[in-house]
Every structure is written in C-alpha cells, then in structure tokens.
Amino acid sequence: MSVKEMPQNWEPKILVFACNWCTYAGADLAGLSRLQYPPNIRILRVPCSGRVNPQFVIRAFQRGVDGVLVAGCHPGDCHYVSGNYFTRRRYLLMQRLLQYVGVDPERFQARWISGSEGPKFQQVVTQITEEIRAMGPNRKLRDAQ
Amino acid sequence: MSEMTKKMQEIAREILVKGEAEVVIGWEKGTFWYLSPPAFIDKPEDVQRLVWDDFCHNNLSKYLVDLKNHEGKAAVFVKGCDSRAFNRLLQDKQIAREKVVLIGIPCPGLLDQDKAKELGKNSDLPKAQKCLDCQYPNPLVYDYYLGDKEALNEVAATKEAADYSDVAAIEAMSPDERYDFWTKQYDRCIRCYACRNVCPACSCRECVFDQTRVGWIGKANNSSENQFFALTRAMHVAGRCIECGECERACPMDIPIMLLNKKLVKDINELFGEYDAGIDIEGKLPLGHFDKNDPEEFM
Amino acid sequence: MMKTILKAKLPEMLEQLAKEYKVLVPAKLEGVSRFAAYRENLELALDENVTMPPKDIFFPQTEEMYKFAAKDQSLEIEEIPQDEKLQVIFGVRSCDMKSIDCLDQVFLTKGFSDPFYQDKRDRSILIALSCVKPMESCFCTSMGIDPQKGQGADIQAYDLGEKLAFEGITERGQEVLNKVSGMFAEEDAAIPPMGEFNLTANVEGVPEKLKNMFDHSIWDDISRKCLNCSACAYVCPTCHCFDIASEVRGEDGVKIRCWDCCMFDEYTVMAGGHQPRPGKKERVRNRFLHKLRYFPERYNMLLCTGCGRCVVKCPVNLDITNVIKKIKEA
C-alpha cells in the first residue's frame, strides 16, 4: 500500500505507552467510569515511563502508527521515585531530535496522567486523536514506502 | 622531522624502555601523504614510525576500549578531542585510569583530508571542519605533556564559543523540508557502521545494531531502517559525544553525521544547562541525572 | 578504424540508447559517484572511477527474493516479478570488469547458479571504459589487469581525451553500437598510453605462502588498528557475502537477501551462541585469507582487482597493498 495517498476510511492509529502505576490505572478508571474516548489508541503497558526506549518510538513510526503518546506518573509520584524525571529529560531531547528530522511535534507527545485522572486520560486521548486525524496519516520514518 | 615528532618518539622510547607501558598508541604515516593512521608500538626500536603532522585525525582513546580486559598498561597520545573522549570513557567506567599513561599534545587543528586529496601537496589546505568547530584543542588530562609547559593552553581555540549556525539553518526549514533533507542524506548510507566503530562514545559491549536476529534493526538497507539507525545512534551518543567529528570523517558516503550530534549537544546545553562532554569528570551527566526544575513542556 | 564520438555528444548517444535499453552510467548523485539510470542532466562521472562499484547492479545491497503469506494452515509463495528490459552499463573500468568475473565465478559456476544474479547478468550489456591516468590509489596492473582492456566486455570504449572510441567485441555489443551508428565518425585513433601507477603490490607466491600462515603473528599486528566496520567490504567490487532474512508483518512476509560482512559479530555467531571468530584478529585474517588464498584456491583468481577503493575509504588506512607487503616479508 502506498502511504503517500490518503486511504479511504483512514483512522489514526496511536500508540500509548502507559506506565503501570499511574497512567494505566488512569485508563482503567476511565473505562470503569464509562468515559467515552476514541478507539484509535493502542495501550502498551510499561513498568515505568522511563522504560520507554527511544527505539520503541522510532520502531512504532516505522511500523505505521500515526502518533505516539508517552504517559506516566506526575513528577514526584513515580513508583520508582525518579524514573519519570529521567523520562522527562530523554523525552525533551527526543522530541526535539524528531522535529529536527522533520517529524511533526504533534505526532510525539507526553503527558503526566495519574491513577485518579480518568477524565484527564479521556480528554488527552480525545485531543491527540483529533489533532492527528486533522494531520492525516504519517508517512515519515515508515518502512512501507 | 618536526620538533613534535621528535618529542613523541623520545617519550615513546622512554616509556617502553622504562616499562611504564607495554604498548604506545600513536600515529604513523599511511599510504598517502595526507593519511596518518593509528600505530601500535611495542618495541623501542619501532618508535621512529611515530609521527605528528596535520593529518593525525584518529581519536586514539577509542582503542582503549579494546584494552579493557587487558592486563598491562597502554600509553596513548591525546589531542584535545582524544583527551575529552578519554575523560568521557572514564566517567562511563569503560577504562581504568591507572592502566593508561596519557601523553598530551596541544593540537593546532588538523587539515581536511578530502581537500588534500583533491588539491594536492603544495596547495593551501583548509582545516577540517571538525577542527574549525573545536573549542578544546589542548589536552585536558595527561601524565606527560609535549607542548611548552610554561604556556599551558598554548593553542588558542579556533572557536571561543560553540557555533550552531549549521544546526540553526536546518531548524529554520519546514518539517517537510527537514524530512526530505535527512532522507536524502541517509538514503545513501550503506550501513557499514564505520561511524559507530570509529566513535569513542560508542563503547557498548554488544551494540543494538548488531542484533538483527533479535529484531532490533532490520538487515535491509532502506530509508526507514537507515533513519532508525541514524536517530537511535544519535540518541545513544547524546551526552557522550565529544564532538571529535570522527564519525563524519570516517563515513565513506560523506553523510553530515555531526549535524545530528551537534543538534543534541545544542539542546542539552539549552535544556539542562551548560555541558560539554568529557571536560569535567566530576560533573554530572546530562542524561544520567535530573533536576526537579527541568523544563516542563508537553507533560 | 574505430568508431569515435565527441565526449560532448555522449549524453545524446546515451539518450538515444535509453529509448531502447535501460542505460546505467557512472554519475555523481548526492555527492557520491555510482552507477545510475541515465536521465537528462545527470552529472556524469567520467574523470575517475566511481566510489560505489557496479556490484549492486547484479547483487543489490537488499534484494527481495520472494513474498510469502501464511494463511490458516497453508503457505502461499509469490514470486517477485523481475525487470525484463535489457540493460546497457556504460563506463565500467577494467578493475570492475574483472570484479564481475569474480562474482560470476561465485554465483554461476561449480554447478551452482543463482537465478537472481543470473537474470540481471544475462540482461546486461557491458561497455568497458579504458583508463588513461590511474588514481593515486589504483594498483590494478599489480593484480594482472590491463587498465585499457576490460575483460568480458561486450563493447570496449577508449578515452581519447576529447573523444571516446568504441569497439564492438561481442555480437550483442555490436548490435548496441549499430543502434547509434549514425553518431560515430570512423577514424584511426591512437589510444593514449597509460600513466604511471603510484601504488603497486607484488602478489607473486602470496596465495601459496598463505597456506602456512594461518597462525602467523602478523595477523595480530595487521588487525590491531582495524575497527571492524564494513566500509572496505561494502565499497569492494568483489566482496559478495550475504545474509538471508525474513521480514514478517502479521501473516505476510518477504525473504530478503542483504550484503553482509565478515567483520560483523552476527556473521559467524552460531545458533548456540558460540563465536568462532571472536575478535579483530580472526575477522581481519579471514578477510585477507579469503581474498588472497581461499578464493584463488577455489577459482584460480585473486579476489582483489586493485581498484583501491578500500585503501581510500578505510577510516584507519588498513591498506591491502601494505598487507600483501607484510605477508611477503613475513
């Protein structure tokens, strides 16, 4: 399939790296609370947002996701004390590097979402899905040309 | 023979005769007049192979990683950039300080090999780009010093402050222009990994790009895999790159690799405060620690 | 009498041929010289040999072999359609012509015929181009190659300075020349003599001598500065090692064949994790023994054509002529 043209009935595909202790619980709460959010996301549970290796993100773009969200505990709340502070540094650099090679900033985002923030999870996912829907499919870094 | 070459040979002989080290790593003359590749000297009678000239580009600290499990001691000649690489490897506990004898050389900046090849011997050759960008021409750490001891920092830095105008030129493009630019650059990458293997910041025992069986990277050479390689490597050397520019010199396809590395150096400086890798071995590593007041942007 | 054409007219001739054939020419693309499909305003690179050899025309760095799909319990295999057009490759230097001979030995002889290679090879008409002035890294004559006569060429072209002369050698070559015969002048042309070589290597007796040098200490010495990258192998016109891998996405997959290099860890590592060539010494030794001993033993020719690409591109100047010298002296 050529990725240059917009396929019919295209729906954005978004990968969410959710930390086990906060964001995943937040997503769970959103579900338990029957909060509606777009079905365009795929959640990948990681022990900590600090587990998100830069390679995971590039690989996701290679294999055809249209956006990546990294989400973890708020600063100070990390289950492992400081994992998310390291994520923050790495993410800040990675975000700029991806932009530098031409990836649009909307396609790679990060948020703090705690276990009690079901509504925030809903709101973030909805917002990102709409942003990416407006941008269309991602062709950059993809391995299908 | 230049004065510095003479001094190099003398000190190498002395070190080998006294048994201070088993091997001296320096440079020797290569196939052409503009090549001065690395040389390993084990015997005092071989020291006359050593030279110091305008083409001693290789960062010799890289070879210390090979000697990690070696019993004896090695002596290494270090320019400014080699000494930064040494410090950075030391910080990563890749080498033991006591197993290395460092011989510092103040470096006036080396000449561009490609231009030398093109223009010939009797022409006015420009300095290599990496040397034009250099802020640290004098060795930062050494046991012996081959310059004038009275005048430390005798070579003035070519650049007083870092110059990121080349990075800024790319930042000024639109996202699509940037993507096209980098795609063009990395489409010609043959993935020979010369950049990785010559790089003193690349010290992993097992590299992620050597694990195609595991599936970290595909074996195929295409835009996507090549960019995966480029970006992953850039992130891996972030905070480690000492800007010796060897990757770019070694690249047989002339890909401007330093444009990626410099971008990360620039961002680290802007985001986490001033930091040049391999300068202060007591200093904190930008990706090895954090500050609670780090910029909060998208989170 | 030879058929000559002004160099300035060459694009016109190539243009004409491109109507009938796929025409590949030495060109400078994004700062790297290599063989590329002819198109208007392509920057031809005829002053020096190209950085990337013609190897990848016949043996691409990445080649899709076939596609497959696993559905339920069955497996479907889909062949990849091959290009059927004849291709004319213009401007192959003698060293690279010899390298094609080396590749032919590997991919087409001894009872093994590689269909992927054979297909591309059969569709190719080779126009060799003579050299006048060697580059400083050239040493083809030391490898027994005539820089002005390409072995196995369909057409031999000669560089006369302002002009090019063409000589049809095979029937296929003659046919190609006939297509553009109106563009040529017929004249007696003297082929300028070849310039002096800067580099030489004396390989006499080296393959035999290497038979007893597997455990020699020179390998420690030679390999020390090697970085174990594959710049030498990937710019080499004769290095032909490959690895076959599958790329699978869900139920679909494709088998790909990619260049590989004896400098890499995964090249020799065994299924159980054992690494028979663990370090620089073993890998460098293998590279040179392959070029200078194993290949001559099997095919009666060296696996080096003296093109000098590795001498120029090696980041640590591990020069094969120097290695040969050390072997002789050992």
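**Notebook: where chain A meets chain B**

I began with one pair and noted that A:K140 forms a salt bridge with B:D176, with the closest N and O atoms 2.7 Å apart; a salt bridge here is a side-chain nitrogen of Lys or Arg within 4 Å of a carboxyl oxygen of Asp or Glu. Between chain A and chain B the count is three salt bridges.

Before going on, I wrote down that this is a predicted model, in which local features need pLDDT of at least 70 and side-chain atom pairs count only at pLDDT 80 or more, while totals for chains, interfaces and linings use all residues. Residues are numbered from 1 along each chain as its sequence is written, chains are lettered from A in the order in which they are written, and side-chain values use heavy atoms, with hydrogens and water left out.

I then looked up the whole interface, where 35 residues of chain A are in contact (heavy atoms within 4.5 Å) with 46 residues of chain B. The two chains bury about 3900 Å² between them, 65% of it on carbon and sulfur atoms; buried area is the accessible area (1.4 Å probe) that two parts lose on being put together, summed over both. A:R89, A:L93 and A:Y100 supply 24% of the area that chain A buries against chain B, more than any other three residues.

Last, I turned to the helices (DSSP runs of H or I, at least four residues, numbered from the N terminus). Which residues of α3(A) meet α9(B)? I found A:R90, A:L93, A:M94, A:L97 and A:L98 meeting B:L231, B:A234 and B:M235.

Conventions: Helices (H or I, at least four residues) and strands (E, at least two) are DSSP runs, numbered from the N terminus.
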